[in-house]
Amino acid sequence: MKAEKQTVAWPLGIYQALKQAGVKQVAYVPDAGHSQLIKACHADREIKAVCLTTEEEGVAMLAGAWLGGERGVLLMQSSGAGNCINMLGMIAECRFPLLMILTMRGHWGEFNPWQVPMSQATVPVLNAIGVVVQPVDRAAEIAETVSAAARLAFSTGRAVAVLISQRVIGAKQFK
Amino acid sequence: MKHRKPTLDRRVVVAEILKQRGDALIMPGLGAPTWDCAAAGDNPLTFYSWGGMGGAAMMGLGLALAQPRRRVLVITGDGELLMGLGSLATIGVQQPRNLAVIVIDNEHYGETGMQPTHTRYGVDLPAMARAAGFRSAGTVYTSSQLKTWIPRFYRKPGPMFCSIKVTTEDAPLVLPARDGTAIKNRFREALLGISEAYK
C-alpha cells in the first residue's frame with residue numbers, strides 16, 4: 001500500500017492540536033505523510049491553507065502572519081529543511097515564533113539513496129540556525145509533542161521543529 | 001532587446017508612495033528599499049528588514065492574510081524579488097485583494113557593487129506576475145505613470161504588481177533601527193495593541 005493512501009489517526013491528532021493552539025495559517029510543501037492533515041486544513045474554513053513552491057516561502061509567510069497577529073504552522077518533509085536556512089536566520093534574529101512539522105525521509109527503511117544526505121543533515125542544520133528540534137517516533141506521542149512545541153514556540157518566541165520519524169509514516173514503497 | 005534608461009529617483013518615488021500610506025502596513029525588502037522607507041519618515045507600521053532576502057513578498061502575503069481589512073504594500077528591490085520568484089505563483093493562487101507588490105527596480109544589485117540584475121537584460125517581472133495570476137501588473141517609467149499607479153496601490157483590488165524603474169543614483173544612507181525583535185514588537189504593538197502583542 002502506498003503511503004499516501006493510508007488512513008491513520010495521528011494526522012487528525014495534529015490537526016486538533018493545531019486548532020487548540022489557535023493556528024490560522026497553514027503553509028506547506030506537500031508530503032505524503034502530511035496528506036491527511038493537509039486535506040483537513042483545506043476543509044477548515046477558519047484555516048488559510050497555502051501551498052508553497054519552496055519551503056522558505058513559508059518561513060517568511062509565517063513571520064508576516066505573526067506581525068499581523070495570526071499563528072501559523074509550516075509543514076514539509078525533511079528534504080525541505082535545507083531550503084529554509086537563511087530565512088530561519090531572520091526568525092532567530094527577530095525572535096519570531098515559528099512552528100514547523102517535518103516528516104522524515106531518508107532514514108528508517110529508505111529505498112531512495114538521494115534522500116539520505118539531507119535527511120542526515122536535517123537535525124544538525126536546524127540546530128545550527130537556532131531551531132529547537134523535537135523528534136517523535138511513536139504515533140501515540142505525536143499530538144502531544146505538537147501541542148508542547150506550539151506552546152514553546154508561541155510563548156517563548158522561538159522556532160521549534162517537530163520531526164516525525166519515518167518509522168511512524170512508513171518508508172515510501174516503490175512498486 | 002532595446003534598453004530604456006530609467007530616470008526616476010528612488011527616494012522621490014518611495015516618498016510619493018508613502019505620503020498616501022494612511023493606515024497601510026509597509027513591508028520593505030532588505031537594503032535600499034528599507035533605507036528609502038526610513039528616509040520617507042519613521043513609522044511603527046513599517047517592518048524594516050535587514051535580512052531574509054527573497055522573503056519580502058511572502059511576508060507581505062502572510063500579513064495580508066492575517067489583516068484582510070488593511071492594505072499591505074511590499075516595497076522591495078529587483079534582486080530581492082528575483083530571489084523569490086516562486087512567491088509570485090503562490091500569491092497568484094491565493095489572490096489576496098489587499099496586497100500590492102512594488103519593485104523599486106534599478107536593474108542592479110546596489111548593495112554589492114552595482115552588478116546588473118536580470119531585469120537589466122529585459123527580464124519582465126510584471127509579465128511574470130501577470131502570468132502567475134496577479135490581477136493587475138505594470139511598469140512605471142515616468143512620474144505621470146507613477147501618479148496613476150499610487151492610488152491603485154491603496155484602493156484597487158489586488159494582488160497587484162508594479163515595477164518602478166529608477167536610476168542607480170546613490171542616495172544618502174538613512175538607516176532605521178536594526179534590532180529585529182524591537183522592530184517586530186513595535187510593529188505588533190502599533191497594529192494589535194500592547195496587551196495583544198505580548199499575550
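How much area do chain B and chain A bury between them, and what percentage of it is on carbon and sulfur atoms?

1. Chain B and chain A bury about 2000 Å² between them, and 63% of that area is on carbon and sulfur atoms. Buried area here is the accessible area (1.4 Å probe) that two parts lose on being put together, summed over both. In chain B, the residues that lose the most area to chain A are B:Met59, B:Lys184 and B:Arg188, which together account for 24% of what that side buries.

2. Basis of the values. This is a predicted model, in which local features need pLDDT of at least 70 and side-chain atom pairs count only at pLDDT 80 or more, while totals for chains, interfaces and linings use all residues. Residues are numbered from 1 along each chain as its sequence is written, chains are lettered from A and ligands numbered from 1 in the order in which they are written, and side-chain values use heavy atoms, with hydrogens and water left out.

3. Composition of the interface. Contact (heavy atoms within 4.5 Å) joins 26 residues of chain B to 25 residues of chain A. On the side of chain B that touches chain A, the elements giving two or more residues are helix H3 (56-66), helix H5 (86-94) and helix H8 (180-192) of chain B. Helices (H or I, at least four residues) and strands (E, at least two) are DSSP runs, numbered from the N terminus.

4. A:Glu93. This residue lies in helix H4 (residues 85-94) of chain A. Leaving aside neighbours within four places in sequence, A:Glu93 is in contact with B:Gly180 and B:Thr181. A:Glu93 is exposed, at a relative accessible area of 52%; exposed means over 50%, buried under 20%, and partly exposed in between (1.4 Å probe, protein chains only).

5. Salt bridges within chain B. Over all chains the count comes to 12 salt bridges. B:Asp105 and B:Lys165 meet through their side chains at 2.8 Å, N to O. Because B:Asp105 lies in strand S3 (residues 99-105) and B:Lys165 in strand S7 (residues 160-165) of chain B, the pair ties together parts that are 60 residues apart in sequence. Both B:Asp105 and B:Lys165 are buried. A second salt bridge joins B:Arg186 and B:Asp42 (2.9 Å, N to O); B:Arg186 is in helix H8 of chain B and B:Asp42 in the loop between helix H2 (32-39) and H3, 144 residues apart. Here B:Arg186 is partly exposed at 29%, whereas B:Asp42 is exposed at 54%.

6. B:Arg11. Located in helix H1 (residues 10-19) of chain B, B:Arg11 counts as buried at 15% relative accessibility. Its side chain makes a polar contact with that of B:Asp36 at 2.8 Å.

7. Cysteines. The whole structure contains 0 disulfides over all chains, a disulfide being a pair of cysteine sulfur atoms within 2.5 Å. For A:Cys94, the nearest cysteine sulfur is that of B:Cys37, 16 Å away.

Technical notes:
A polar contact is a pair of N or O atoms within 3.5 Å; within protein, one must be able to donate a hydrogen and the other to accept it, and residues adjacent in sequence count only if both atoms are side-chain atoms. A salt bridge is a side-chain nitrogen of Lys or Arg within 4 Å of a carboxyl oxygen of Asp or Glu.
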